[in-house]
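Morning, everyone. I'll walk through one model, starting with the conventions and then the fold. Please have the viewer open.

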Amino acid sequence: MKYLALDTETGGFEGTSLLTAYFSVQDENFNELDNLLLEMKPEDGKYIVTAEALRINGIDLKLHDQRAVTYKEAGTKLFNFLMGNSIMGAEKLIPVGHNVQFDIQKIIEFLISKGSWQKFVSYRTMDTGVVARACIQAGLIPPSVSGSLGSIAEHFGIDTTQAHTADHDVFMTMAVLEKMLELMANGRR
């Protein structure tokens with residue numbers, strides 16, 4: 001079994017540009033086997049972003065544009081990455097993320113087809129937002145924790161100083177997942 005931890009950063013609200021995505025293939029013990037960071041731009045170079053999103057994500061659009069590849073190029077890189085890490089679809093990767101369906105939707109909207117995604121990635125997901133809500137409900141995490149990735153990470157003492165970057169959010173997601181699974185196994189705070 002392999003996990004595909006992932007996160008995306010967009011230009012803000014619905015309909016904005018996909019800017020970055022990070023993918024980390026991990027084994028059943030959460031050891032990273034491979035990773036892929038994509039910095040992307042629209043084919044026509046016309047970004048749809050909000051200043052607030054760029055501030056939160058810490059993205060300088062001018063520098064980003066210099067490093068970014070087009071969505072088409074990024075899609076090809078992602079396809080090859082998924083194909084290789086899933087052994088051409090024989091071993092489907094289990095997606096892990098915080099509110100992971102949002103990220104999956106963005107990937108399918110901008111990078112690869114739903115059919116290609118489903119060839120390599122399982123429809124069964126591990127969503128740390130859902131796991132956190134269950135832990136709060138079960139009394140394993142105090143109700144004062146909001147359920148946001150940052151609040152859960154802070155609760156467990158995990159570094160949040162680089163939050164809202166795709167790669168660091170994947171790191172935080174996997175760290176909080178490990179802590180929550182440990183809580184569930186031990187049945188205490």
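Predicted model: local features only at pLDDT ≥ 70, side-chain atom pairs only at ≥ 80, totals over all residues.

Residues are numbered from 1 along each chain as its sequence is written, and side-chain values use heavy atoms, with hydrogens and water left out.

Start with the sheet. Strands of a sheet pair through backbone hydrogen bonds, either parallel or antiparallel. Two strands pair here if DSSP finds at least two bridges between them. The sheet is open, has six strands, and runs β4-β3-β2-β1-β5-β6 with mixed pairing. At the edges sit β4 (69–70) and β6 (126–127), each pairing on one side only. β5 and β6 are parallel, over two bridges. G97 stands opposite D127 in β6.

Now the helices. Contact means heavy atoms within 4.5 Å. Axes are lines fitted to C-alpha atoms, for helices over the stretch in contact, and angles run from 0 to 180 degrees between N-to-C directions. α8 packs on the sheet and touches β1, β2, β5 and β6. Its direction makes about 135° with that of β1. α3 lies across β1, β2 (18–26), β3 (32–41) and β4. The angle of α3 to β3 is about 170°.

Zoom in on A5, in strand β1 (residues 3–10). Is A5 buried or exposed? Buried means under 20% relative accessible area, exposed over 50%, partly exposed in between, with a 1.4 Å probe and protein chains only. A5 is at 0%, so it counts as buried. Leaving aside neighbours within four places in sequence, its contacts include F23, V96 and M174. A5 and G15 are ten residues apart in sequence, yet 24 Å apart in space, C-alpha to C-alpha.

Next, S151, in helix α7. S151 is buried too, at 18%. A polar atom of its side chain lies 3.0 Å from the backbone oxygen of S148.

Last, backbone angles. Most residues other than glycine have a negative phi. Where is phi positive in a residue other than glycine? I87 is one of these, with phi near 55°. I87 is in the loop between α3 (71–85) and β5 (94–97). H164 is another, near 75°. H164 lies in the loop between α7 (149–155) and α8 (166–186), and is partly exposed at 40%.

Definitions and conventions
Helix = DSSP H or I, 4+ residues; strand = E, 2+ residues; numbered from the N terminus. Polar contact = N/O pair within 3.5 Å; in protein donor to acceptor, adjacent residues only side chain to side chain.
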